Amino acid sequence: MSVPQNSNEVVKQLGVLSRQLDDTTQQLNEADVAAVHAKEDAKLAEAKAFLSAEGPVDARKSQAVVATHEVRLAAEVAEATVRGLMRT
């Protein structure tokens, strides 16, 4: 980015930065909502897997963790996306 030479260039550059900020804010908001949904989906899937499993409690917990790996991973990736957008 070059240094603005006059007030018109400053105003133009501020407009560009403002649009970039708006776009990033919108992306962050959307990613945050997606992360919340993914986290809750993971919780629900794990609870359902636990309730449908058989055996001792520890075995049922482990079965639920294994059965919900993909949905829990999706939730973690969604949260990582939010953190990434916050750093940009």
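**Notes on the helix packing**

1. Val 65 is partly exposed, with a relative accessible area of 35%. The model is predicted, so please read every value here as computed from that model. Val 65 belongs to helix 2. Leaving out residues up to four places away in sequence, Val 65 touches Glu 46 and Arg 72. Glu 9 is another matter: 56 residues separate Val 65 from Glu 9 in sequence, and their C-alpha atoms are 56 Å apart in space.

2. Next, how helix 2 sits against helix 1. Helix 2 covers residues 57-67, and its axis comes within 8 Å of the axis of helix 1. The two axes cross at roughly 135°. That angle makes helix 1 oblique to helix 2, because roughly antiparallel would need an angle over 145 degrees. The crossing is right-handed.

3. Which residues make the contact between helix 1 and helix 2? Helix 1 supplies Glu 46, Ala 49, Phe 50 and Leu 51. Helix 2 supplies Val 57, Arg 60, Lys 61, Ala 64, Val 65 and Ala 67. By type, seven of the contact residues are nonpolar, none is polar and three are charged.

4. Val 57, on the helix 2 side of this contact, is also worth a look. Its relative accessibility is 44%, so Val 57 counts as partly exposed. From Pro 4, Val 57 is 53 residues away in sequence. In space, the C-alpha atoms of Val 57 and Pro 4 are 66 Å apart.

5. Now the loop. Thr 68 lies between helix 2 and helix 3. Is Thr 68 buried or exposed? Thr 68 is buried, at 3% relative accessible area, because the cut-off for buried is under 20%. Setting aside residues up to four places away in sequence, Thr 68 touches Ala 45, Glu 46 and Ala 49.

6. Helix 1 spans residues 7-52, and helix 3 spans residues 69-87. They pack at an angle of about 160°, with their axes 8 Å apart. Helix 1 is therefore roughly antiparallel to helix 3, because the angle is over 145 degrees. Helix 1 passes helix 3 in a left-handed crossing. The contact residues of this pair comprise 14 nonpolar, three polar and six charged.

7. The largest nonpolar core has eight residues. They are Ala 31, Ala 35, Ala 38, Ala 42, Ala 75, Ala 78, Val 82 and Leu 85. Helix 1 and helix 3 are the elements that give two or more residues to this core. In soluble globular proteins, nonpolar side chains tend to be buried together.

8. What does Val 82 contact, leaving aside its neighbours within four places in sequence? The partners are Leu 28, Ala 31, Asp 32 and Ala 35. Two of these, Ala 31 and Ala 35, are also members of the core.

9. Lys 43 is in helix 1. At 49% relative accessibility, Lys 43 counts as partly exposed, because exposed means over 50%. Lys 43 and Arg 72 are 29 residues apart in sequence, yet 8.0 Å apart in space, C-alpha to C-alpha. Ala 80 lies in helix 3, and Ala 80 is partly exposed at 32% relative accessible area. Ala 80 and Ala 47 are 33 residues apart along the chain, with 23 Å between their C-alpha atoms.

10. In brief: helix 1 is roughly antiparallel to helix 3 and oblique to helix 2. The handedness is left for helix 1 with helix 3 and right for helix 1 with helix 2.

Conventions
Residues numbered from 1 in each chain as written. Predicted model: local features only at pLDDT ≥ 70, side-chain atom pairs only at ≥ 80, totals over all residues. Heavy atoms only, no water. Axes fitted to C-alpha atoms, helices over the stretch in contact; angles between N-to-C directions. Helix = DSSP H or I, 4+ residues; strand = E, 2+ residues; numbered from the N terminus. Parallel < 35°, antiparallel > 145°, perpendicular 65-115°, else oblique. Left-handed = near helix turned anticlockwise from the far one by under 90°. Nonpolar A, V, L, I, M, F, W, Y, C, P; charged D, E, K, R; others polar. Core = buried A, V, L, I, M, F, W, Y, C linked by side-chain atoms within 4.5 Å. Buried < 20%, exposed > 50% of the residue type's maximum accessible area, 1.4 Å probe, protein only. Contact = heavy atoms within 4.5 Å.
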